[in-house]
Amino acid sequence: TIERRRVLLYICMILLLSFIHTSAVFLLPFCLLYFFNLEKFFIPRWLQLSLFFAALFLSQMSIWEYLLKYVDIISAAIGYDRFDANTLNSLEGREMNFGVRRILMLIVDICLIFSSKKLHSVFPSKKFGFVYIMYVIFFVIEPLFMSSLVLSRVTAYFHIFRVIVGSFFLFYLFKIHKTKNGDLVGAVFVLLFVMHLLVQIYADAGNHTDCIRYQFCFGKNLPILI
């Protein structure tokens, strides 16, 4: 929809999604990106790395944690007090830390950033340009919004773009580049995602973020566990 510049349809879809969760309205401004020449637009790697590490550094500063407290005040004023800091403290794994999972994804992000120039030259399309901009937004806001239960919900809309850019990267390595070194790099890249998944399943088992057991309730007292 957005790729074909059907702006009105895109806006209507976002407004409908906002009835499911109001944070969907944050996606409205991004329809404007498709009016730019994204085929040739490229953010220099040094700038990407600067933004990447600056976001990580700022997320660890106490002054940033202090500023995030004002998000609770604003969210409470508009009726989202159930997502305040007290709720956040009652949940596991919501703080920004550098455990195994985080380190694995840091390696993935750095690999993609260093490969971004080559990927832009191999995939000179508006679609890839849009996807990569969304990915840049993601790796900047992810560490910054991690400690806010309200803002982290906005981050969720961009999480998929890491996977999409990673898919472009693997397609380049396995189908276009086609060298032994490329196959090795691709295999290691896939292994990083597999390791992340396995660690996440182990670490989250039994917690509120449990990614093993899903519960579908078709009736009040009719849970179906998978």
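**Entry 1: phenylalanine 139.** I started with phenylalanine 139, which is found in helix H6; helices (H or I, at least four residues) and strands (E, at least two) are DSSP runs, numbered from the N terminus. Before going on, I noted that this is a predicted model, where local features need pLDDT of at least 70 and side-chain atom pairs count only at pLDDT 80 or more, while totals for chains, interfaces and linings use all residues. I also noted that residues are numbered from 1 along each chain as its sequence is written, and that side-chain values use heavy atoms, with hydrogens and water left out.

Is phenylalanine 139 buried or exposed? I found it buried, because its relative accessibility is 1%; buried means under 20% relative accessible area, exposed over 50%, and partly exposed in between (1.4 Å probe, protein chains only). Setting aside neighbours within four places in sequence, I listed its contacts (heavy atoms within 4.5 Å) as Gln48, Phe52, Ala55, Asp109 and Ile113. I then checked arginine 162, which is 23 residues away along the chain from phenylalanine 139, and got 8.3 Å between the C-alpha atoms.

**Entry 2: leucine 144 and the rest of H6.** Leucine 144 also sits in helix H6, which covers residues 126-145. I logged leucine 144 as buried because its relative accessibility is 13%. Leaving out residues up to four places away in sequence, leucine 144 touches Ala55, Leu58, Ser59, Trp64 and Leu68. Leucine 58 is 86 residues from leucine 144 in sequence, yet their C-alpha atoms are 7.2 Å apart in space.

**Entry 3: serine 59.** One of the residues touched by leucine 144 is Ser59, and I found serine 59 in helix H2 (residues 45-59). Serine 59 is buried, because its relative accessible area is 3%. Its side chain makes a polar contact with the side chain of glutamine 60 at 3.4 Å. For that I used N or O atoms within 3.5 Å; within protein, one must be able to donate a hydrogen and the other to accept it, and residues adjacent in sequence count only if both atoms are side-chain atoms.

**Entry 4: H5.** Helix H5 (residues 100-122) has 23 residues and should span 33 Å at 1.5 Å a residue; its end C-alpha atoms are 32 Å apart, which agrees. Where is the kink in H5 centred? I found it at serine 116, with an angle of about 55 degrees; the bend at a residue is the angle between axes fitted to the seven residues ending there and the seven starting there. Serine 116 is among the buried residues of H5, and so are Asp109 and Ile113, which I had already met as contacts of phenylalanine 139.

**Entry 5: H8.** Helix H8 (residues 160-177) has 18 residues and reaches 24 Å, close to the 26 Å expected. H8 bends by about 25 degrees at phenylalanine 171. Its buried residues include Phe161, Arg162, Phe168 and Phe169. Just after H8, I saw lysine 178 take a positive phi of about 50 degrees.

Entry 6: Phenylalanine 26 lies in the loop between helix H1 (7-18) and H2. I put it down as partly exposed because its relative accessible area is 45%. Its C-alpha is 8.9 Å from that of isoleucine 14, twelve residues away along the chain. Cysteine 12 is partly exposed at 38% relative accessibility, and cysteine 111 is partly exposed at 31%. I searched the whole structure for disulfides (pairs of cysteine sulfur atoms within 2.5 Å) and got zero.

**Entry 7: the overall picture.** Of the 226 residues of the protein, 38% count as buried. For contacts with a separation of 6 or more, 67% involve residues 24 or more positions apart.

Technical notes:
The expected span of a helix is 1.5 Å times one less than its number of residues.
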